[in-house]
Amino acid sequence: AFECSAFADPPRELSFEHRRQRLLHELTVAHPADILCLQEVDREVMYADFLEPHLRHLGFKSTYANKMNTTTPLGCSVHWRDARMELVDQVALDLTAAARTEDCNADIAALLLVTPVLDEVMRKTTSVANIVLLRERDGSGRALCIANVHLYGDPGAPHVRLLQTVLVLRGCEH
């Protein structure tokens with residue numbers, strides 16, 4: 001049997017603790033921004049236990065939206081500098097159901113009604129859009145609507161991503 005001692009003790013760079021500290025450094029020091037949008041964020045290990053408290057300490061507020069219709073603890077988080085912007089509103093838009101539950105999407109609901117295969121695919125997705133409305137604190141009254149979403153990933157389904165994009169844009173308009 002072949003043995004390689006080089007992999008017996010993985011280098012420090014491969015450890016989760018080291019990688020998440022590097023991520024925090026990249027987000028806040030190497031490429032600082034006032035707004036951070038992250039997808040596929042683990043709800044407990046990365047968001048609640050690490051990102052939210054560390055970024056709060058650095059002056060950020062945040063929201064989190066978990067994927068829908070699944071027990072998988074993954075979702076999208078939005079973080080913003082509290083000194084620059086304040087939260088006006090936030091919604092987690094369920095992209096599996098928005099076509100059938102929101103009045104403004106009646107045209108998409110009608111399309112899904114006559115295309116049962118597409119309807120079935122849309123029902124099986126777990127995509128969520130974390131839509132956040134922020135207002136600048138500089139007194140200008142300017143607002144910014146942020147839609148953070150990880151669209152359906154099947155490369156053979158651009159039509160599903162297109163429908164999801166329409167649902168997200170309509171969610172932003174609302």
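**Reading the terms**

Mentor: The protein chain has six helices and six strands, where helices (H or I, at least four residues) and strands (E, at least two) are DSSP runs, numbered from the N terminus. Their order from the N terminus is α-β-α-β-β-β-α-α-α-β-β-α. Please keep in mind that this is a predicted model, in which local features need pLDDT of at least 70 and side-chain atom pairs count only at pLDDT 80 or more, while totals for chains, interfaces and linings use all residues. Residues are numbered from 1 along each chain as its sequence is written, and side-chain values use heavy atoms, with hydrogens and water left out.

Trainee: What makes α1 and α2 oblique to each other?
Mentor: The axes of α1 (residues 16-30) and α2 (residues 43-57) come within 12 Å and cross at roughly 40°; such axes are lines fitted to C-alpha atoms, for helices over the stretch in contact, and angles run from 0 to 180 degrees between N-to-C directions. Angles under 35 degrees count as roughly parallel, over 145 as roughly antiparallel, 65 to 115 as roughly perpendicular and the rest as oblique. The pair α1 and α2 is therefore oblique.

Trainee: Which residues of α1 and α2 meet?
Mentor: Contact means heavy atoms within 4.5 Å, and on the α1 side F16, R20, Q21, L23, L24, L27 and T28 meet V45, M46, F50, L51, H54 and L55 of α2. By class, this contact of α1 with α2 has nine nonpolar, three polar and one charged residues, where Ala, Val, Leu, Ile, Met, Phe, Trp, Tyr, Cys and Pro count as nonpolar, Asp, Glu, Lys and Arg as charged, and the others, Gly among them, as polar.

Trainee: Why is α5 called roughly perpendicular to α6?
Mentor: Helix α5 (residues 116-124) and α6 pack at an angle of about 65°, with their axes 11 Å apart, and that angle makes α5 roughly perpendicular to α6. In their contact, L118, V121 and M122 of α5 meet H159, V160, L163, Q164 and L167 of α6, and the classes are six nonpolar, two polar and no charged residues.

Trainee: How do you know that there is a cavity, and how many of 30 Å³ or more are found?
Mentor: On a 1 Å grid over the protein atoms alone, a cavity is a set of points where a 1.4 Å probe fits but cannot get out, and a pocket is an open set with protein on both sides within 12 Å along at least five of seven lines; lining residues have an atom within 4 Å of a point. A search of the whole structure finds one cavity of 30 Å³ or more. The largest cavity has a volume of about 40 Å³, a volume being the space filled by probe spheres set on the points, which are joined across faces, edges and corners. Its lining consists of E40, K67, G75, C76, T126, S127, V128 and H150, of which two are nonpolar, four polar and two charged.

Trainee: What is the volume of the largest pocket, and which residues are closest to its centre?
Mentor: The largest pocket has a volume of about 290 Å³. Of the 16 residues that line the largest pocket, V91, I131, G171, C172 and H174 are the closest to its centre. At least two lining residues come from each of β4 (85-94), β5 (128-136) and α6 (158-173). The classes in the lining of the largest pocket are nine nonpolar, four polar and three charged residues.
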